[in-house]
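Biologist: I have this chain open on my screen and would like a close look at one part of it. Could you walk me through it, one step at a time?

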Amino acid sequence: MRARAEYQTLSEAMQHTRPNCEGWADIFTADGPADIETVTFTAELCCTCPLLTECGEFARAARPGVGIWAGIEYKQSAAGRPRKTQTKETA
Ligand code: SF4
C-alpha cells in the first residue's frame, strides 16, 4: 500500500480528533472538477482543520485520484495520472 505510514498517522489522529470535513463527504470526494464556490468553501474548512498536517502528508504521499485533501483538489489527468490543484487559500 502506498503511503502506509502516512495513512496510519492520519488514522490514529482521527481516533481522537474530528476533521472539519466530517459530514461533507459528498463535496470532498466528488470525482468531478470543483467549482469556485466549492473550492472556496473547502479551503476555508481545511485551513482551520486540526488534521490539516496529517491529511496533507497522506495526500502528498498517496496522490489520490479524486477529491479535495488538505485544501488541494486531486484529479486524474488525461493520461490517468493523479494531478493536484492547490487553492490560493492554502498555498
Ligand atoms: S484538512 Fe483534510 S481532514 Fe481536514 S477538512 Fe480538509 S480534507 Fe478534511
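Biologist: To begin with, what percentage of the 91 residues in the chain is buried? After that, please take me to Trp-69 and its surroundings.

Modeller: Happy to! Please keep in mind that this is a predicted model. Buried residues make up 21% of the 91 residues in the chain. For orientation, the chain has 4 helices and 3 strands, and from the N terminus on they run in the order α-α-α-α-β-β-β. Among contacts with a separation of 6 or more, 55% join residues 24 or more positions apart.

Now to Trp-69, which you will find in strand β1, residues 67-69. Is Trp-69 buried or exposed? Trp-69 counts as buried because 24 C-beta neighbours lie inside 10 Å, and the cut-off for "buried" is 20 or more. Leaving out residues up to four places away in sequence, Trp-69 touches Cys-55, Gly-56, Ala-59, Pro-64 and Tyr-74. Look at Phe-58 as well: Phe-58 and Trp-69 are 11 residues apart in sequence, and their C-alpha atoms are 8.8 Å apart in space.

Thr-42 leads us to α3, where the buried residues are Thr-42, Ala-43 and Cys-46. Seen down the axis of α3, these buried residues fall within an arc of 105°, so they line one face of the helix. They pack against α2 (25-28), α4 and β1. As for its length, α3 has 12 residues and reaches 16 Å from first C-alpha to last, close to the 16 Å expected at 1.5 Å a residue.

Finally, here is the ligand. There are 13 residues around the ligand, and Pro-19, Cys-21, Cys-46, Cys-49 and Cys-55 come nearest. By class, the shell has 12 nonpolar residues, 1 polar residue and no charged ones.

Methods: Residues are numbered from 1 along each chain as its sequence is written. This is a predicted model: local features need pLDDT of at least 70, side-chain atom pairs count only at pLDDT 80 or more; totals for chains, interfaces and linings use all residues. Helices (H or I, at least four residues) and strands (E, at least two) are DSSP runs, numbered from the N terminus. A residue is buried if 20 or more other C-beta atoms lie within 10 Å of its own, exposed if 12 or fewer, and partly exposed in between; C-beta atoms are placed from the backbone. Two residues are in contact if their C-beta atoms, placed from the backbone, lie within 7 Å. A residue is near a molecule or strand if its C-beta atom, placed from the backbone, lies within 6 Å of it. Ala, Val, Leu, Ile, Met, Phe, Trp, Tyr, Cys and Pro count as nonpolar, Asp, Glu, Lys and Arg as charged, and the others, Gly among them, as polar. The expected span of a helix is 1.5 Å times one less than its number of residues. The arc is that of the directions from the helix axis to the C-beta atoms.
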